[in-house]
Amino acid sequence: MRWIQFKTAEEKNAKTKFVYFGDAQNNVLSDWSRVMRMAYQTAPDASFVVHAGDLINEAHRDQEWAEWYKAGGFIHSQWTAIPVLGNHEFRPLSRKDGDREISIQWRPQFTLPVEETLSEKLHETVYVVDYQNVRIIVLNSNYNLKEQTKYLEDKLKNSTAKWNIVTCHHSIFSPAKGRDFQYGRENWKPLFDKYNVDLVLNGHDHTYARGHVPEPREVFDESEEIKTVYVTSVSGPKQYKLNSEQLKDYVKQGYQLDKSGQYMQFFQVITIDQDKLTYVAYTATGDEYDRAEIVKDFETGEKKITP
Ligand SMILES: [Fe+2]
């Protein structure tokens, strides 16, 4: 037996640091473990980690979960996990046809909040975590989407957190070819706009893109006023080609791309200190790849991003 020590939450305005991973999914022990270790070297004092879905490839396969646990080793005990259900955790039990089911290991292995108001099928896949001055809303982008739209609005409406972050597996502004989560863009994005959500963290597309929805402005200045920042990332070795055309085309839907990347494994460290959120994406070898700073006026809700 070994003791694991960690810090519980502090006052509401204390600094919050966490790590966010896109899909680990494949070769988790051989190729993802190094990303997990580098993330721990970079942010050992992080309080929790968001795994934005597709933690493994074959939903019900014990061996893959065993690899996932082994890959993270003691770090899994050190960092509280906020897992998101991906499509690879929602597959038929047998390889042949059959209804898709949540990974049989999911509920026994993670202790997650049960939202009694939601249908049982969504339990432990849709929930909220309030930590210091941050609210994290976890959605399940695989099924029962309409039911979650109402849930999302309720949780944003009654949030008293200074910063609101939403995560789901499928990307609202998809950077990969042939991918399109139209429902999310048409039904969830308007709520992100309305309630001034700060960050949306996605996976699924095995590429990297960070963009934002700008606030309309009259004069150009260096730091720009924004609404929500959207990120899609990947931490595992499986990689897809970036669809730059599609990303550019999202301008029509009020999205502006800030940084993209392909054929790389990433992890992200997000630090929230009072009115400032610092977002940094690192490569598997620990080099900084992308950085943004958001400063928020809590009175007006106005936000500026740099660079
Ligand atoms: Fe996926």
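Is Asp193 buried or exposed? Asp193 is buried, with a relative accessible area of 19%, and since the cut-off for that word is under 20%, I would like us to keep the number beside the label. Please also bear in mind throughout that what we are looking at is a predicted model.

Asp193 belongs to helix H6, and once residues up to four places away in sequence are set aside, Asp193 touches Val213 and Lys227. Val213 is 20 residues from Asp193 along the chain, and the C-alpha atoms of these two are separated by 8.4 Å.

Let me turn now to the metal site. The iron ion has four protein donors, namely OD of Asp54, OD1 of Asn87, NE2 of His169 and ND1 of His204, and they lie 2.1 to 2.2 Å from the ion. Along the sequence these donor residues follow the spacing D-x32-N-x81-H-x34-H. Asp54 sits in the loop between strand E2 (48-51) and helix H2 (62-72), while Asn87 sits in the loop between strand E3 (80-83) and strand E4 (90-92), so this pair ties together parts that are 33 residues apart in sequence.

What is the geometry of the site of the iron ion? The site is irregular, with angles of 84 to 175° among the four donor atoms. For reference, the ideal angle for four tetrahedral donors at a metal is 109.5 degrees.

H5 has 13 residues and reaches 18 Å from its first C-alpha to its last, close to the 18 Å expected at 1.5 Å a residue. Which residues of H5 are buried? They are Leu145, Gln148, Thr149, Tyr151, Leu152, Lys155 and Leu156. The buried residues of H5 pack against strand E6 (127-131), strand E7 (134-138), strand E8 (163-167) and helix H6 (182-194), and H6 is the helix in which we found Asp193.

The elements that give two or more residues to the lining are E3 and E6.

Finally, some points about the backbone. Most residues other than glycine have a negative phi, and most peptide bonds are trans. Against that background, Asn196, in the loop between H6 and strand E9 (199-202), has a positive phi near 55°, and Asn196 is buried, with a relative accessible area of 17%. Gln274, in the loop between strand E13 (266-273) and strand E14 (276-283), likewise has a phi near 55°, but Gln274 is partly exposed, with a relative accessible area of 38%. The peptide bond from Thr306 to Pro307 is cis, with omega near 0°, and Pro307 lies in the segment after strand E16 (303-306).

Key:
Residues are numbered from 1 along each chain as its sequence is written. This is a predicted model: local features need pLDDT of at least 70, side-chain atom pairs count only at pLDDT 80 or more; totals for chains, interfaces and linings use all residues. Side-chain values use heavy atoms; hydrogens and water are left out. Donors are N, O and S atoms within 2.8 Å of the metal (3.2 Å for Na, K and Ca); water is not among the atoms, so sites may look incomplete. Four donors count as tetrahedral if all angles lie between 85 and 135 degrees; four count as square planar and six as octahedral if opposite donors are over 155 degrees apart and all others between 65 and 115; anything else is irregular. Helices (H or I, at least four residues) and strands (E, at least two) are DSSP runs, numbered from the N terminus. The expected span of a helix is 1.5 Å times one less than its number of residues. Buried means under 20% relative accessible area, exposed over 50%, partly exposed in between (1.4 Å probe, protein chains only). Contact means heavy atoms within 4.5 Å.
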